[in-house]
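Please read the following briefing alongside the sequence and the three-dimensional structure. The points are grouped by topic.

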Amino acid sequence: MTEPAPLLWKRKDLLGLEELSREEILHVLDTARGFSEISTRSIKKAPALRGKVVLNLFFEPSTRTKASFSLAAQRLSADLVDIVKEASSAVKGETLVDTGCNLQAMGVDIVILRHQQAGAPHLLARSLDACVVNAGDGTHEHPTQGLLDIFTMREKFGDLTGKKIALVGDITHSRVARSNIWGLRKLGAEVGIIGPRTLLPGAFRELGVNLHYHLDEVLDHYDVFNILRIQMERQKKGMFPSVREYHHLYGIDSRRVKKMKPHALIMHPGPINRGVEISQEVADGDHSVILRQVTNGLAVRMAVLVLVQSAQPATHGSGRYEHA
Amino acid sequence: MSETILIKGGYLLDPATGKEGVGDVLIAGGKIVAAGNVRLADAQKSSPDGHVEVLQCEGLHVAPGLVDLRAHMGEPGHDSEETIAHGAEVAVHGGFTTVACLPDTEPANDNVASALFVRRQSEQAGFADVWPVCALTRNREGRELTEIGQLVEAGAVAFSDEQRGSDTPAAILRGMSYASMFDRAVIEYAQDPELAGGVMNAGYESALAGLSGLPAVAEELAIARACMFARETGCHFHAGKLTSRNAVRAVKRARKLGVRVTAEVCAHHLAVTDDEVRKAYDTNLKVFPPFRTREDIAWLKRGLREGVIDCIVSGHRPVPPQLKELEFGAAPFGSVGLETALAVALTELVHTSELPLLAAITKLTLNPAKVLRLDKRKGSLSPGTDGDLCIFDLKSEWQVTESALFSHAKNSALLGRTLKGRPKFTVTRNRVIDLGMR
């Protein structure tokens, strides 16, 4: 397996892919490639984080991301603490920063934070010496999902320079989309976003992203269709007229897959609304790498945990009180 | 404290006459007696006991005390954030000697007792002269009108439902109609409430930040509507806190049609852009309306140059640190501003040659005094007006840090900035406050 080169990685936190350089992204992906091999062994453990404490701090429900981070930490021999909380609030209960400081005072080394507010991990990272890994902040970024999506694409295509990647669905409210866009643009891929105009931020054109309102016009253009979950509450807020119309215009079914390139990949970060944004037969079909994404997620998250920990200052205290 | 004060040798700026140049100002009995060349001997003659406090101001600029028509003080209801007395003292540290405080208190300033309370707290504190802007409707709910006539007698300088007014067009229309009988302006915050549900400027930066956006068109819409009401009623409408190109255009269009409308900009909106908001999710940069783009700032500056924007205000809103130490979406809006407004105006407008010095000072003194109907007493160096002065060093550079701010609340959007220009002395009626002593 490839040994991580510590000199390339100097970040104690992973907050987003926007701030990573192309080299840093490739470094995580290369490191992850080494870890994906561990999962195929009969004894699936490595000692990299032995004696370290990893904390899952989730303010939003999550099944696969939390399980994936937990398994990643356990395979690296770390001790694991899980905390699931209701939304933090100014009035009741303690603030996010206080929660973080208290947990750090108990010796937590890495905090994995899922939060409904964009920028919450940035706030925590500023206040703690412990490493902070963003496991999704509001509608901002979900960097490990972006990395595992890219990892999966590279597994099929190798170098992504000039490859054409489409993201389909509600881009405005998608942290997965933002992390994909940053990562893919840095690796030289062509990126398109496809969906109703009310759910595609026009501002993304300034990042060199193509906007398409009509899926059928571009089915044979892209190599990858990364399909995002459509959230029913957006319809209730009037962002698109109905699920039926959405499925009619943007649902990926076998009729549409037939018009795609023969090697086209179908991806989905989950959880899937079968029959809405993607049909049953496509989700389980030959083009789909949806479960492969889940498997790769584990390796990518192991790599991230090892890298951030390697950049953590040797000794750390309880945060704000020392730095007040 | 002295009965007679002689300010010698400063560079005088008088918005009322448009005159500027080196000269002296004589204050006696709390009023300006003369501005121009005043000999010490003449000053002594006007002093009952012959004693004159002389302040040498060579190299400094002498302007009328600054007049702020937008400060939010916590009292009553949020006294822990800022009392009127503390706010009045913070104000003089920024060169402000007159401050209008908005009615978004708890309870709302919607009755005679509350209006008198503001005046009494201000008089007891003895720093800046604080005047109430009272609610247009009871509890700012947009239904029953407040007792506007009696509130005017109790000292109300303007009326506003502050931030809620746009929700209730019928009440605003009625309120403008009624308030126009008493020659008071109605000040409204210019945001359409249904469109304005976000936390930062809507655009490229909010799209990338994953934060909900406040579109500039919400501002344009609300201003345009209030201007139409002003046209229908003949009431003076003062558009609060312009931040965008859209807003400047809306006021400009109304002016062309002869609508009686004036407008203001918060100093910090001239200095901060939305890309800085995204960089660190810094909650000190969360203000309402939000910081917008470089292009919007260029339009605001143009609006100031062309006279579409009449006033520069502090937009002062203290927020306790534990509330600013929250996630960006959860933290309250607001930045303190009384201590930085002059310096920002000088840095962003005067030192960049966007606006002549006297024009900038006029927008910080006489123009807001006119909106508040206080211009017979405030905002000029004319004999007979209150002896309030802002004496500042145009070129002194300083960094905005928590320790540089006198205010208890440190939530300044400008922390870390270097500004050029700073008040050195503030004179309030019969008292010289040396700000260098802090």
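**Overall form of chain B**

Chain B holds 14 helices and 18 strands, where helices (H or I, at least four residues) and strands (E, at least two) are DSSP runs numbered from the N terminus. With a radius of gyration of 21 Å, close to the 22 Å that the globule rule gives for 438 residues, chain B is as compact as a globular protein of that length; the radius is taken over C-alpha atoms, and the rule is 2.2 Å times the number of residues to the power 0.38. This is a predicted model, in which local features need pLDDT of at least 70 and side-chain atom pairs count only at pLDDT 80 or more, whereas totals for chains, interfaces and linings use all residues. Residues are numbered from 1 along each chain as its sequence is written, while chains are lettered from A and ligands numbered from 1 in the order in which they are written.

- The C-alpha trace of chain B spans about 65 × 45 × 45 Å along its principal axes.
- Of the 438 residues of chain B, 60% count as buried, that is, 20 or more other C-beta atoms, placed from the backbone, lie within 10 Å of the residue's own.
- Among contacts in chain B (C-beta atoms, placed from the backbone, within 7 Å) between residues at least 6 apart in sequence, 74% join residues at least 24 apart.

**A parallel sheet in chain A**

- Five strands of chain A form an open sheet in the order β7-β6-β5-β8-β9, with parallel pairing; two strands pair if DSSP finds at least two bridges between them.
- Because β7 (210-212) and β9 (265-267) of chain A stand at the edges with a single partner strand each, one side of each is left without a neighbour in the sheet.
- Strand β8 (residues 224-227) of chain A pairs with β9(A) in the parallel sense over three bridges, and A:Asn226 has A:Met267 in β9(A) as its bridge partner.

- Leaving aside neighbours within four places in sequence, A:Val111 is in contact with residues including A:Leu55, A:Leu103, A:Leu128 and A:Cys131.

**Contact between the chains**

- The contact takes 20 residues from chain A and 16 residues from chain B.
- On the side of chain B that touches chain A, helix α6 (residues 204-209) of chain B gives the most, with four residues.

Methods:
Contact = placed C-beta atoms within 7 Å. Buried ≥ 20, exposed ≤ 12 C-beta atoms within 10 Å, placed from the backbone.
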